[in-house]
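Please look through the structure shown here.

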Amino acid sequence: MRVQLAVRAHANPDDGADAAHGVAASEHGVGRAPTAREVAADRAFRSVTLALAWSVILLVVLILGEIFAQALPAMRQYGVAFLTGREWDPNRATFGILPQIYGTLYTSILGLTIATVLGLAVAIFLSEGFLAAGVFAVLKAAGLAYRPRFEALPERLEALLRIVVELLAAIPSVVYGLWGIFVVIPTIRPIAGWLHDRLGWMPWFSTPLSGPGILPASLVLAIMVLPTISAVSRDALARVPPKLREAAFGLGATRWEAILAVFIPTAATGIFGSIVLGFGRALGETMALAMLVGNSNVISASLLSPADTLAALLANSFPEAGKIEVGALMYAALVLLAITLVVNALGTWIVQRATATLEGQR
Amino acid sequence: MNARPLAREAALPDQGELERSLRHPRALFSFVMSWLTGLVTVLTLVPLFSVLWLLVVRGGSSLSLAVLSELPPAALMPGGGFGNAIVGTILMVAIATAISVPMGILAAVFLADFAPDGRTAIAVRFAAKVLTGLPSILAGVFAYGLVVATTGTFSAPAGGVALSVLMLPIVLLTAEEAIRAVPARMREAAIGMGATPTQVVLRILLPTALPGILTGVMLAIARAAGETAPLLFTALFSEYWMSDTSPEFLPKAPGDLMHPTASRAVLIYNFSSSPFDNQIELAWAAALVLVVLVLAVNLCGQALARRRA
């Protein structure tokens with residue numbers, strides 16, 4: 001490192017000249033060589049930062065190890081049958097998490113589908129300057145577009161909208177749960193009742209909505225995942241090289257022909273990565289689901305039926321769990337960890353690759 | 001594609017054809033889709049404003065000084081508040097901040113300045129991203145195994161450890177970005193004057209990157225203050241103040257910390273499913289206080305980031 005510094009200092013002729021006058025300058029306290037104490041302090045500080053950087057890796061390893069160690073006794077006892085069992089009864093010490101795995105995947109995929117459609121629309125709206133163009137058109141119609149006071153308004157409003165969408169992610173999950181109980185469920189109850197009456201023969205509407213259930217849980221989940229998807233996809237769309245953008249419009253494409261045929265395919269990897277990251281968030285989301293999903297141990301295709309998820313099972317059972325049940329819950333935590341870890345690592349990798357490819361094209 | 005000269009005599013295209021008219025299916029499609037995305041965007045903002053509106057209406061009506069300073073009421077009891085939950089939340093977020101902020105910033109210094117492209121840095125960055133995606137409840141399971149199982153009791157420090165796991169990657173990744181954004185000429189000027197790398201970091205990089213680092217810290221605090229799931233595994237909840245002697249809300253001895261500790265987020269969760277109106281109203285009031293705090297910290301952080309840019 002010392003050698004490197006010397007090389008850097010000499011790479012610049014001005015610096016070289018400074019170094020030559022180093023002795024003279026040192027009288028004023030500038031441009032002198034570091035003292036032995038400073039060198040020692042430097043070494044110590046750098047080792048500390050290195051150790052702390054390593055400790056981040058260590059922390060991940062420790063988390064994996066700790067959860068694995070906690071789950072180990074239950075793994076020995078229940079084995080693979082734990083993953084396929086359908087019963088969770090602490091009194092008889094029979095534990096199985098198939099309904100929870102099913103419910104986790106069902107709510108996550110449904111919520112993710114809704115969030116993808118909405119999030120992608122928001123990302124396009126924010127990245128293609130629709131709002132700015134609209135506000136400008138309105139101002140122009142009013143004859144105010146070029147007044148100094150209104151000149152910056154379109155861009156400002158767009159930045160404001162971006163912040164507001166990001167605020168969706170800032171609201172704590174437990175508040176969304178509260179909102180879901182008192183707003184979403186009462187709102188969708190009549191609609192759900194109508195669907196069940198008219199379309200009850202379809203498996204998706206075969207049960208009445210008694211209150212909490214898959215549909216309200218997925219709707220709230222979609223709102224919580226949406227900011228992740230829209231923010232990452234917006235970045236991907238903004239990274240589409242300008243030459244592609246201009247070429248598409250130069251060929252006479254309408255705005256939406258360009259979006260569908262050029263921008264989205266170019267940003268596809270990044271958008272896909274954002275969806276995978278959103279999936280990871282949906283799988284691990286706990287409180288809102290624990291409050292809205294109904295926590296009942298059933299496997300049903302119906303959107304209106306209550307269900308359970310892995311994270312909700314952990315949150316709801318743990319505070320009152322006895323020793324044996326805690327062991328089984330740790331096993332469930334390990335399963336959740338394995339699923340989210342794979343999904344997240346995949347998403348991170350895809351986004352990184354997409355970013356690298358597009359940066360290279362620039 | 002040969003360079004055939006354009007025929008001069010080719011008639012100019014019909015001006016009318018070039019005009020954007022909604023009678024063309026292509027233009028109509030584009031027009032409809034544009035409006036549709038705008039509508040969807042507005043639609044996604046409805047939940048945000050619905051949440052805020054409801055919090056103000058339902059939470060605001062039961063908000064008072066007593067609510068902020070009294071203990072939670074038992075079932076069927078009138079009045080009461082969540083003073084102990086406020087103290088508990090502040091305490092646990094403070095513990096988490098004390099752990100995660102120094103660790104995150106110093107590790108970020110290593111990533112951004114000392115060895116940005118080394119193998120360690122790449123591995124650390126990946127580890128931090130993995131931590132970002134860690135479900136919050138698993139941070140609670142981890143702290144349960146590490147602290148609760150070892151000390152034998154649910155406690156505020158256990159909650160702090162769980163929250164610090166969630167704060168660390170946010171602090172680390174934003175601090176790294178902020179340090180990288182410091183202009184290279186400032187760093188090089190310091191090196192040219194004979195500063196050691198440590199002096200460069202402490203005198204130049206960290207002071208210059210401070211607004212960006214603070215943004216990350218604030219976002220992390222906002223996240224931690226709203227977390228519920230990890231606290232269910234670590235701090236649980238308590239109906240009482242932290243200490244028996246007056247003033248009761250301050251822990252006096254280290255032993256006072258080693259009890260289950262209340263937090264606002266867990267209170268909202270517990271009371272939201274309560275059949276008693278008074279407790280439900282308290283949950284709304286607590287949610288209002290929580291969201292106001294979280295949004296304020298968040299917006300401060302973003303304002304700091306904007307000033308830097």
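Of the 309 residues in chain B of this predicted model, 52% are buried. The C-alpha trace of chain B spans about 100 × 60 × 30 Å along its principal axes. Its radius of gyration is 27 Å, whereas a compact globule of 309 residues would have one near 19 Å. Among the contacts in chain B that join residues at least 6 apart in sequence, 75% are between residues at least 24 apart.

Chain A can be described in the same terms. It has 17 helices and two strands. Buried residues account for 48% of its 362 residues. The C-alpha trace of chain A extends over about 90 × 65 × 35 Å along the principal axes. Of the contacts in chain A with a separation of 6 or more, 73% are between residues 24 or more positions apart.

The helix contacts come next. Two packed helices are described by the angle between their axes and the distance between the axes. Within chain B, helix H5 (residues 119-132) packs on helix H7 (residues 156-180) at an angle of about 135°, and their axes are 8 Å apart. H5(B) is therefore oblique to H7(B), an angle of 65 to 115 degrees being needed for roughly perpendicular and one over 145 for roughly antiparallel. The crossing of H5(B) past H7(B) is left-handed. H5(B) contributes Val124(B), Arg125(B), Ala128(B), Lys129(B), Leu131(B) and Thr132(B) to the contact, and H7(B) contributes Val165(B), Leu168(B), Pro169(B), Leu172(B), Leu173(B), Glu176(B) and Arg180(B). By class, the residues of this contact of H5(B) with H7(B) are eight nonpolar, one polar and four charged.

Other helix pairs join the two chains. Helix H6 (residues 98-127) of chain A and helix H2 (residues 25-61) of chain B have axes that come within 8 Å and cross at roughly 115°. That angle makes H6(A) roughly perpendicular to H2(B). The crossing of H6(A) and H2(B) is left-handed. On the H6(A) side the contact is made by Leu118(A), Ala121(A), Val122(A) and Phe125(A), and on the H2(B) side by Thr37(B), Gly38(B), Val40(B), Thr41(B) and Thr44(B). The contact of H6(A) with H2(B) has five nonpolar and four polar residues, with no charged residues.

Helix H4 (residues 36-78) of chain A meets H9(B), with axes that come within 8 Å and cross at roughly 75°. H4(A) is thus roughly perpendicular to H9(B). From H4(A), the residues Glu38(A), Ala41(A), Asp42(A), Phe45(A) and Arg46(A) meet Pro197(B), Thr198(B), Gln199(B), Val201(B) and Leu202(B) of H9(B). The residues of the contact of H4(A) with H9(B) comprise five nonpolar, two polar and three charged.

Leaving out residues up to four places away in sequence, Asp42(A) touches Thr196(B), Pro197(B) and Thr198(B).

Ala195(B) is in the loop between helix H8 (184-192) and helix H9 (197-226) of chain B. Apart from its neighbours within four places in sequence, Ala195(B) is in contact with Ala190(B) and Val200(B). Ala195(B) and Pro47(B) are 148 residues apart along the chain, and their C-alpha atoms are separated by 53 Å.

Backbone angles are the last topic. Most residues other than glycine have a negative phi. Ala93(A), however, has a positive phi near 55°. Ala93(A) lies in the loop between strand E1 (88-89) and strand E2 (94-95) of chain A. With a relative accessible area of 29%, Ala93(A) is partly exposed. In chain B, Leu236(B) also has a positive phi, near 55°. Leu236(B) is in the loop between helix H10 (229-234) and helix H11 (254-257) of chain B.

Notes
Residues are numbered from 1 along each chain as its sequence is written. Chains are lettered from A and ligands numbered from 1 in the order in which they are written. This is a predicted model: local features need pLDDT of at least 70, side-chain atom pairs count only at pLDDT 80 or more; totals for chains, interfaces and linings use all residues. Side-chain values use heavy atoms; hydrogens and water are left out. Axes are lines fitted to C-alpha atoms, for helices over the stretch in contact, and angles run from 0 to 180 degrees between N-to-C directions. Helices (H or I, at least four residues) and strands (E, at least two) are DSSP runs, numbered from the N terminus. Angles under 35 degrees count as roughly parallel, over 145 as roughly antiparallel, 65 to 115 as roughly perpendicular and the rest as oblique. A crossing is left-handed if the near helix is turned anticlockwise from the far one by less than a right angle, and right-handed if clockwise. Contact means heavy atoms within 4.5 Å. Ala, Val, Leu, Ile, Met, Phe, Trp, Tyr, Cys and Pro count as nonpolar, Asp, Glu, Lys and Arg as charged, and the others, Gly among them, as polar. Buried means under 20% relative accessible area, exposed over 50%, partly exposed in between (1.4 Å probe, protein chains only). The radius of gyration is taken over C-alpha atoms; the globule rule is 2.2 Å times the number of residues to the power 0.38.
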